[in-house]
Amino acid sequence: LNKVNTPVEFTKAQVLEFRKCENDPTYFIKNYVQIVSLDEGLVPFNMYGFQEDMVQTMHDERFTICKLPRQSGKSTTIVSYLLHYALFNPNSNIAILANKSSTARDILSRLQLAYENLPKWLQQGVINWNKGSIELENKASIVAASTSSSAIRGGSYNIIFLDEFAFVPANIAEQFFSSVYPTISSGQKTKMIIVST
């Protein structure tokens with residue numbers, strides 16, 4: 001991981017690549033994100049067409065709901081998009097929430113793995129790096145928690161990702177929305193991504 005205030009020398013080609021990645025999350029994911037395959041270990045993320053559509057939808061729209069089967073790569077796709085967002089949107093706050101805090105931390109660990117395997121010139125310096133949160137030198141932060149009425153109360157978030165939201169009890173989901181939705185609706189570009197099987 002890059003330390004804070006580590007100077008990075010960019011070649012002309014790297015500057016062009018950086019701009020391509022910044023402007024196109026799908027290009028960034030297909031060319032620079034690595035994931036763990038059960039059979040092959042660490043491999044490039046070769047996206048399916050529907051995963052590319054998911055990324056484009058999340059990038060273009062503020063509110064996205066995905067209902068997908070197990071083992072379809074939905075969390076990996078969203079994690080890859082969140083990584084892109086954190087790298088190229090300084091001062092952004094991202095919340096990863098799941099029905100269990102252990103699931104949210106597992107999703108964050110996938111993002112951390114993808115980050116660790118980026119080329120150094122694409123990485124930001126790391127201020128904070130643990131099982132529950134990340135803070136980068138560009139002041140982007142990502143937190144992982146369980147979905148509850150008090151999970152992220154009081155914070156302002158650019159993206160809230162709700163994983164397996166159908167499994168959150170209705171009373172908690174309702175309390176959660178009443179406490180969190182005002183922070184999302186106050187921005188013009190804030191996003192909410194809901195996913196479940």
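Good morning. I begin with helix H5, which contributes six residues to the lining of the largest pocket, the most of any contributor. Please keep in mind that the structure above is a predicted model.

Let us stay with that pocket for a moment. Its volume is about 990 Å³. The lining is made up of 33 residues, and those closest to the centre of the pocket are Val-36, Gln-71, Gly-73, Thr-76 and Arg-110. Which elements supply at least two residues of this lining? They are strand E1 (34–37), strand E2 (41–44), helix H3 (49–60), helix H4 (74–88) and helix H5 (101–116). Sorted by class, the lining holds 14 nonpolar, twelve polar and seven charged residues.

I turn now to the way the helices pack. In general, a pair of packed helices is described by two quantities, the angle between the axes and the distance between them.

The crossing of H4 past H5 is right-handed. On the H4 side, the residues in contact are Ser-75, Thr-76, Val-79, Leu-82, Leu-83 and Leu-87, and they meet Ile-107, Arg-110, Leu-111, Ala-114 and Tyr-115 of H5. By class, this contact has eight nonpolar, two polar and one charged residues.

The next pair is H3 and H4. Here the packing angle is about 45°, with the axes 10 Å apart. That angle makes H3 oblique to H4. H3 also passes H4 in a right-handed crossing. Gln-51, Met-54, Val-55, Met-58 and His-59 are the H3 residues in this contact, and their partners in H4 are Lys-74, Thr-77, Ile-78 and Tyr-81. The contact comprises five nonpolar, three polar and one charged residues.

The last pair is H2 and H3. Helix H2 covers residues 25–32, and it packs against H3 at an angle of about 140°, with the two axes 9 Å apart. Is H2 oblique to H3 or roughly antiparallel? An angle must be over 145 degrees to count as roughly antiparallel, and H2 is therefore oblique to H3. The crossing is right-handed. From H2, Pro-25, Thr-26, Ile-29 and Lys-30 meet Glu-52, Val-55, Gln-56 and His-59 of H3. Three nonpolar, three polar and two charged residues make up this contact.

Thank you for your attention.

Methods
Residues numbered from 1 in each chain as written. Predicted model: local features only at pLDDT ≥ 70, side-chain atom pairs only at ≥ 80, totals over all residues. Heavy atoms only, no water. 1 Å grid on protein atoms, 1.4 Å probe; cavity = no way out; pocket = protein on both sides within 12 Å on 5 of 7 lines; lining within 4 Å. Points joined across faces, edges and corners; volume = space filled by probe spheres on them. Helix = DSSP H or I, 4+ residues; strand = E, 2+ residues; numbered from the N terminus. Nonpolar A, V, L, I, M, F, W, Y, C, P; charged D, E, K, R; others polar. Axes fitted to C-alpha atoms, helices over the stretch in contact; angles between N-to-C directions. Parallel < 35°, antiparallel > 145°, perpendicular 65-115°, else oblique. Left-handed = near helix turned anticlockwise from the far one by under 90°. Contact = heavy atoms within 4.5 Å.
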